[in-house]
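I opened this chain in the viewer and kept short notes on what I looked up. The entries follow in the order I made them.

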Amino acid sequence: MAQAMDKLGGTSEEEEEEGMDMDVKEEDDEVEDGRIRAMVAGAVEMSGGGRYFLAPPDLPQDSGDRGDAPASASGSGSGSRRSRPAEEKERTKLRERHRRAITGRILAGLRRHGNYNLRVRADINEVIAALAREAGWVVLPDGTTFPSSQAGRPAAAPAVATPATPTAAAAPPSPTPPFRGIAPAGALRTLDHPSGRLKGVFTPPISAYDGRCLSVVPVAGASRTGEKVADSSPLICSSTDSGNDKQLMDLIPSIPERDFAGSPYVPVYVMLPLGVVNTYCELVDPDSLMEQLKKLKSIGVDGVMVDCWWGIVEAHIPQQYNWKGYMHLFQVVRDTKLKLQVVMSFHECGGKVGDGVCIPLPQWVAEIGRSNPNIYFTDSEGRCNPECLSWGVDKERVLLGRTALEVYFDFMRNFRVEFDEFFEDGTICEIEIGLGPYGELCYPSHPVRHGWRYPGIGEFQCYDSFLQKSLKKAADARGHSVWARGPHNAGSYNSQPHETGFLCDGGEYNSQYGRFFLGWYSQVLVEHGDSVLFLAKLAFDGSSIAVKISGIHWWYKTASHAAELTAGFYNPCNRDGYAPIASMLKKHGASLNFTCTELHTLDHYEDFPEAMADPEGLVWQVLNAAWDVGIPVASENALPCYDRDSYNKILEGAKPLNDPDGRHLSSFTYLRLSPVLMQNHNLLEFERFVKQMHELS
């Protein structure tokens, strides 16, 4: 331990500056001194949400000990600030930022892989204290350190006027060493309510490149074959000229890239813009689209994905379909020798992040909805959501004599007949079946139109008359007619789990009634998918079909998984809610398309620590549920991404490192084609990503 502490002691800021040949940092010192004074004089915000106050300490005055400190207010005399060339100052800043970037990566690694309870911006004292505690030492808040086996506890040194950090204030650990690979316990202590146990231990795969803190971007003039520069975003943003870029290349080493030689070939598709076909079913700007598709083909993209909107094709009169714009589009795609993934979109377009186009449901459906709003999903306050039809009307003849299932089947069958030539020549390689809002299999439990904002838990969507009738039937079958109701204490759209009686830890969700209700609610979701896929298999006999599952990753680290429950995924900490869905897909030979593979749990913890989100844990669970039953798994990004860090995260999930079963994604769809993606530097980075997804030898 002494040797370890000696090594740690050798990493003080003074020695780091000497090791890096750093000059005195006037600007950084001034900022740091000002930050310390402000911190101890005012309120200090802790990572756990606490707040406390300290009287300002007697900070040491600037003196001749610092070579750059002024001797007087006039700034003259032997102690005056020495002048340095601008280039030297800039190099100093770059070296310091690089050092801080390395510190950030060390802290991220300790939190992610080592179960160290460290704040996002922990200082060196917290790191040393955490290492000392793991070695069996006791570290008091004032820094006094002694072996835990020592009988007498030494008297505490005089308190220093600096804020006690969460790590320093923590009680000494038990002799049992911490488990490795578990999500940091500090994340669970930041809330004012008790948190539930995690469903299981999730250990993210250790990559050759470290997750979030550093990314690599191509530099102007760099060749495509590999001249790279590592960067953290603030560093690149502060570079003002090409000279600084060269300094970055000289100062910061490139991140080791994982070798994908011999890895499986994963096809890459690009989702076309939402408005590529307008509401009159006309292809918008085909010449510009052709040029963009040619560029995608030139960098190795396998194909594109496009939504076929129910609200465009069958807009005015039932069973009168207008495919003109899509026929033109498919011909353009075929001319560029790209493949097509086509989505049967039975939902409204608009209201989701990135949706700049509004395409409502067909007009004739909207007219029915005005007289009978129960065809839509409805919340506990009676607010209807016209994004898509309620699953309660799947078998109800409320659509001018047809059920919703018949409407979906007629649409899919007509599409298959109209575009037969594209199926026969292999241009259309896959059909994705829209099963709910946003085309995803889930309830519309988080509607922005009703005021939901992240990370609200959402609301149950089962209060239309048709689903209420189904709930009553299920309750009567169980012999508990009183259960024919939705939970009365499940909060509102923007509630947090601990604010509700139904979804809090130990809440009613785990009672007999709660288990009955959630079982029925999730079973309706599975039965809807089962019914629609049965008809899709008839309409597209012999073609590959897929289903998209929504990635509800917030509140994943709580016992109830509240946001998933309202969306229809019965996935609390003691139950696997995705296994029944995977089994249903297996029954119909459908593949699973899952989102949010590019998201980092650490990023969400930094931005929304109260959300208890874990996108990496969710992705790991869903992918394994699908792989366990042997169905293909595809993926797409949840948010637009253009940086190497996000691409590397996708690659980790697409081709897991050292997986003994050799599991990998069947395809990846990039969201989405845009002018930003077509910018030269972004296109070069995307080309590199495509090549690594394709890498075979």
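**Entry 1: Glu-636 and Lys-548.** I looked up the side chain of Glu-636 and found a polar contact with the side chain of Lys-548, at 2.9 Å. The model is a predicted one, and I keep that in mind for every entry. Glu-636 belongs to strand 16, which covers residues 633–636. Is Glu-636 buried or exposed? Its relative accessibility is 3%, so Glu-636 counts as buried, the limit for buried being under 20%.

I then listed what Glu-636 touches, leaving out residues up to four places away in sequence. Lys-548 is on that list, and so are Met-271, Met-305, Phe-668 and Thr-669. The list also holds Asn-593, Phe-594, Thr-595, Cys-596 and Thr-597.

**Entry 2: the UniProt record.** Which residues does UniProt list under "active site"? The entry, which is unreviewed, gives Glu-440 and Glu-636. These positions are spread over 197 residues of sequence, yet they cluster in space, with a largest C-alpha distance of 12.4 Å. I noted that Glu-440 sits in strand 13, residues 440–441. Glu-440 has 4% relative accessibility and therefore counts as buried.

**Entry 3: Arg-672.** The peptide bond joining Leu-671 and Arg-672 is cis, with omega about -15 degrees. I wrote down the general rule beside it: most peptide bonds are trans.

How accessible is Arg-672? The value is 17%, so Arg-672 counts as buried, since the cut-off is under 20%. What does the side chain of Arg-672 reach? It comes to the backbone oxygen of Leu-272, at 2.9 Å. Leu-272 is also among the residues that Arg-672 touches, together with Val-270, Met-271, Pro-273, Leu-274 and Leu-677; residues up to four places away in sequence are not counted. Met-271 turns up again here, having been on the list for Glu-636.

Entry 4: Phe-608 lies in the loop between helix 19 (601–607) and helix 20 (615–629). Its relative accessibility is 32%, so Phe-608 counts as partly exposed. Which residues does Phe-608 touch, residues up to four places away in sequence not being counted? They are Tyr-454 and Pro-455.

I checked the bond that joins Tyr-454 and Pro-455 and found it to be cis, with omega about 5 degrees. Pro-455 is in the loop between strand 13 and helix 15 (465–478). Strand 13 is where I had placed Glu-440. I also looked up Trp-554, which is 54 residues from Phe-608 along the chain; the C-alpha atoms of the two are separated by 9.5 Å.

**Entry 5: two positive phi values.** Most residues other than glycine have a negative phi, so I looked for exceptions. Cys-281 is not a glycine, but its phi is positive, about 60 degrees. Cys-281 is in the loop between strand 7 (268–271) and helix 9. Lys-337 also has a positive phi, near 60 degrees, and is a residue other than glycine. The place of Lys-337 is the loop between helix 11 and strand 9 (339–345).

Which of these is buried and which is exposed? Cys-281 has a relative accessible area of 0%, so it is buried. Lys-337 has a relative accessible area of 65%, so it is exposed, the limit for exposed being over 50%.

**Entry 6: helix 9 and helix 11.** Helix 9 (residues 286–298) packs with helix 11 (residues 324–335) at an angle of about 35 degrees, and the axes are 10 Å apart. The crossing is right-handed. From helix 9, the residues Pro-286, Leu-289, Met-290 and Leu-293 take part in the contact. They meet His-328, Leu-329, Val-332, Val-333 and Asp-335 of helix 11. By type, the residues of this contact are seven nonpolar, one polar and one charged.

**Entry 7: the chain as a whole.** I finished with the totals. The chain has 697 residues, and 50% of them are buried. I noted 23 helices and 17 strands. Of the contacts between residues at least 6 apart in sequence, 74% join residues at least 24 apart.

Definitions and conventions:
Residues are numbered from 1 along each chain as its sequence is written. This is a predicted model: local features need pLDDT of at least 70, side-chain atom pairs count only at pLDDT 80 or more; totals for chains, interfaces and linings use all residues. Side-chain values use heavy atoms; hydrogens and water are left out. Buried means under 20% relative accessible area, exposed over 50%, partly exposed in between (1.4 Å probe, protein chains only). A polar contact is a pair of N or O atoms within 3.5 Å; within protein, one must be able to donate a hydrogen and the other to accept it, and residues adjacent in sequence count only if both atoms are side-chain atoms. Contact means heavy atoms within 4.5 Å. Axes are lines fitted to C-alpha atoms, for helices over the stretch in contact, and angles run from 0 to 180 degrees between N-to-C directions. Helices (H or I, at least four residues) and strands (E, at least two) are DSSP runs, numbered from the N terminus. A crossing is left-handed if the near helix is turned anticlockwise from the far one by less than a right angle, and right-handed if clockwise. Ala, Val, Leu, Ile, Met, Phe, Trp, Tyr, Cys and Pro count as nonpolar, Asp, Glu, Lys and Arg as charged, and the others, Gly among them, as polar. UniProt positions are given in the numbering used here, feature names are shortened, and annotations may be inferred rather than shown by experiment.
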